[in-house]
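Please keep the sequence and the three-dimensional view at hand while reading.

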Amino acid sequence: MNRLTRFLPLFILFAFVGAVAWRLSSPADEKIQSKMIGRAVPAFTLASAVPGKPGLSSKDLASGSPRMVNVFASWCVPCIAEAPLLAELKARGVAIDAIAVRDRPEDVAQFLAERGDPFMRIGADPESRAQLALGSSGVPETFIIDGKGVIRYQHMGPIEPGDVSALIKQWEEAR
Amino acid sequence: MIAEAGLAALWLAAALAALQLALACGLGGEQGKSIRAVRAVAVAQGLITLLAFAALIELFLRSDMSVLLVAENSHSRKPWLYKFAGTWGNHEGSMLLWVTVLAVAGAIVALFERRLDHKTLGASLGAQASLALGFFAFLLIASNPFERLDPAPLDGRGLNPLLQDPGLAFHPPTLYLGYVGLSVAFSLAVGGLIRGNVGPAIARAMRPWVLGAWVLLTLGITAGSYWAYYELGWGGWWFWDPVENASLMPWLAATALLHSVNVLAGRGGLRAWTMMLALVAFSMSMIGTFLVRSGILTSVHSFAVDPLRGTFILALLALYIGAALALFGLRIAHVKEGAPFEIVSREGGLVANNLLLSVILGIVFVGTLYPLVAEALSGEKLSVGPPYFNSVASPLALVLAALMLIAPQLKWRRDAKPILPRLAPGLLVATAVLIGTILLAPGIGILPRFGLMIGAALLPASLLPLVGRSLRRTPLPIWGMALAHFGVAVAILGMASDSAFTQEKLTAARPGDRVEIGPWLVEFRQVLPLAGPNWTALEAELRASRGSGVAVLRPQSRYFVDPPTTTNEAAIDTSWNGQLYAVLGEPSDQGRWQLRLWWKPFVTLIWLGGFLIALGGSLALLGRVFRRRSHGFYRAEASE
């Protein structure tokens, strides 16, 4: 047995301890970021989710100026919490579209009537296909897409008051 | 008062461990005197640690809510058994159990090990003391089980209802006994390496500990698998979950060690390799405990995560395993190799067994840690699941089983007789099964088919080593080996049958509906509410009938109040040729209920096999301890 073989188990131990120490020092981030960040929005065309408002297709998102896409649902409780903050973002000049996931037109209409409607376009995504294509794993999530239709940023979970300035900054950077 | 006494006992035991280490290092003067002193201190340390553990049990039985650990994990209205088992159903208590077993094992070695020379025994007891010292420090600094809570709450915060199960009350301590039993093998290997005494004497001292620990690990894993099977309600019996793997890895290493230690004890061969396995087996126990306790890997088993504790155990295991492996690297070149042997020989078979088991261990180790390493290196998140483990480990396990058809029948050193006649019974059975399954079940996968063939072939082949012997004079360890190998055959048949023939049905059924599955016609009769001691439930009544018999199954959906949790209690009907397994799910619209049914032919053989393997190990252990006793007696007399 040469010297290297004799000490091989020790080296394996070092590798193990190193990997584990790294994990202990940087606790696991349970969020799974979309793999689509930095890539073009995959092609989709969604019908209108609510009467009187246009639907959403991937072409609408490559309009030359950045857009925000909010993935939401009327049955989603955290979506209620973020509704006023979306209104604030709109008031500060952000163009927002939405994807209503697994929803019914009358429920969406009622949600918008009660919680406010900051959206320009809302696409209905009854089987979560567009949601999954964007790499979103839940509702609510918010994406920022630049003028060329490339996904720049993903915010997971409800927008909280502290997130607004970060989202505005991302939106400015996407210009 | 009891809590303070327990804490004092823990400090005292830690001090004794330090003293034991100091004495073993030769700080206590003359050699002949000090081995006696080391022995006495080791016994005292074991007894006092046991006292501390008894104090904690008493606190749980009394429901002393002024102790933080009891208040957080127990409840005065909980049944007696679960108060008792609750002692180790939490982090601090389980670590105290761990260190108690460690100290008591050291005490038993100190009391009964008479064959090793004093220097090696002293060094081994020193190693055992240093292990205990580290874990005492961990308890006293980072996980004090006796911490008071002031003011005391009126009542405790209960225990995870999933853990309120008699099987689970004894599953963790069984595994722990197995894990920690391997510490003795580790300490003996360290002692042998320090003293340059690696030979049959060390192996004989190690053997009963390896056997005992391995039997307990086998029982623990088998029981844990059955628990997961009926309690989780997923119909599976092994999920390759990190926590399951944490118990499987020491078992694989111990299985390899169990085989190689016999070569060293009987033939003086495989010295370096056996020492390495002894170090690896307990290292895997520590790594397993660390993975489970630190919550570092995502798992269905949830334990409280505390980074300080994780870092502490990591530092301990890096220190111990690192020191032991460095010692191995430095000293092993001085170890003489034993008698040579040819490839076709018992030794050759055992080497192949060891290599295969080690490769499987490596596969499980890599698969368990790969997500962690991948994220550390590339930032990518992924998980490694059953497809990897099943497709990589199962074929190797089958090769290992196929090797068992012949290897136990080979002679030591060199076997020149023709192999084929000895393989014939197994080959005949395997061929018959191959033809039978092709005719009756052409659609099953290749792995299950091989599993059925090899499992069936091994049934007669495992008993062949007994043929031609005078059965009355056959030593118990040989009986044990044959029985354990027979158990492996039975377990493989169960696993292969489960994966080849299981039928599954998920339906949305209304009361009155009938569902056909396997040979059964299941009638969904009604759903009724039910109340237990600390839960309420919805219970379905299913009437399952087939040709001859009728069975009533009552799967439940249980709601526990404190803490609020829902569990699915599967209902299982066991018959000679399989199990009918039913789970009641959520109610869906229009009065329908989700109902999940499985028909699993011969699935019970998996756990029956595991039990037989453990029984075989116990027989071998009895044989070793019994013979050992008589030897010891003889020697003691001779030296008088």
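## Helix packing in chain B

Helix 5 of chain B and helix 6 of chain B lie roughly antiparallel to each other, because an angle over 145 degrees between axes counts as such. The model discussed here is a predicted one. The axes of these helices, residues 91–112 and residues 118–142 of chain B, come within 10 Å and cross at roughly 160°. The crossing of helix 5 of chain B past helix 6 of chain B is left-handed.

Which residues form the contact between helix 5 of chain B and helix 6 of chain B? On the side of helix 5 of chain B, they are Met95(B), Leu96(B), Trp98(B), Val99(B), Leu102(B), Ala103(B), Gly106(B), Val109(B) and Ala110(B). They meet residues of helix 6 of chain B, including Leu125(B), Gln128(B), Phe135(B), Phe136(B) and Phe138(B). Sorted by class, this contact of helix 5 of chain B with helix 6 of chain B has 16 nonpolar, two polar and no charged residues.

Another helix pair in chain B is formed by helix 14, residues 420–440, and helix 15, residues 446–461. Here the axes come within 8 Å and cross at roughly 145°, and the crossing is right-handed. Helix 14 of chain B contributes residues to the contact, among them Pro425(B), Leu427(B), Val429(B) and Val433(B). From helix 15 of chain B come, among others, Arg449(B), Leu452(B), Met453(B) and Ile454(B). The classes in this contact are 14 nonpolar, two polar and one charged.

The table places the two pairs side by side.

| Helix pair in chain B | Axes come within | Crossing angle |
|---|---|---|
| Helix 5 and helix 6 | 10 Å | roughly 160° |
| Helix 14 and helix 15 | 8 Å | roughly 145° |

## Two residues of chain B

Is Ala620(B) buried or exposed? Ala620(B) has 26 other C-beta atoms within 10 Å and is therefore buried, since 20 or more are required. This residue belongs to helix 17 of chain B, residues 605–639. Not counting residues up to four places away in sequence, Ala620(B) touches Leu211(B), Leu476(B), Pro477(B), Gly480(B) and Met481(B). Ala620(B) is also 404 residues from Leu216(B) in sequence, while their C-alpha atoms are 13 Å apart in space.

Phe501(B) is situated in helix 16 of chain B, residues 476–501. With 18 other C-beta atoms within 10 Å, Phe501(B) is partly exposed. The C-alpha atoms of Phe501(B) and Gly443(B) are separated by 10.0 Å, and these residues are 58 residues apart along the chain.

Chain A contains five helices and seven strands. Their order along the sequence is α-β-β-β-α-β-α-β-α-β-β-α. The C-alpha trace of chain A spans about 80 × 30 × 30 Å along its principal axes. The radius of gyration of chain A is 21 Å, whereas a compact globule of 175 residues would have one near 16 Å.

How much of chain A counts as buried? Of its 175 residues, the share is 36%. Among the contacts in chain A with a separation of 6 or more, 75% come from residues 24 or more positions apart.

Between the chains, 15 residues of chain A are in contact with 20 residues of chain B. The side of chain A that touches chain B consists of 13 nonpolar, no polar and two charged residues.

Methods. Residues numbered from 1 in each chain as written. Chains lettered and ligands numbered in written order. Predicted model: local features only at pLDDT ≥ 70, side-chain atom pairs only at ≥ 80, totals over all residues. Contact = placed C-beta atoms within 7 Å. Nonpolar A, V, L, I, M, F, W, Y, C, P; charged D, E, K, R; others polar. Helix = DSSP H or I, 4+ residues; strand = E, 2+ residues; numbered from the N terminus. Rg over C-alpha atoms; globule rule 2.2 N^0.38 Å. Buried ≥ 20, exposed ≤ 12 C-beta atoms within 10 Å, placed from the backbone. Axes fitted to C-alpha atoms, helices over the stretch in contact; angles between N-to-C directions. Parallel < 35°, antiparallel > 145°, perpendicular 65-115°, else oblique. Left-handed = near helix turned anticlockwise from the far one by under 90°.
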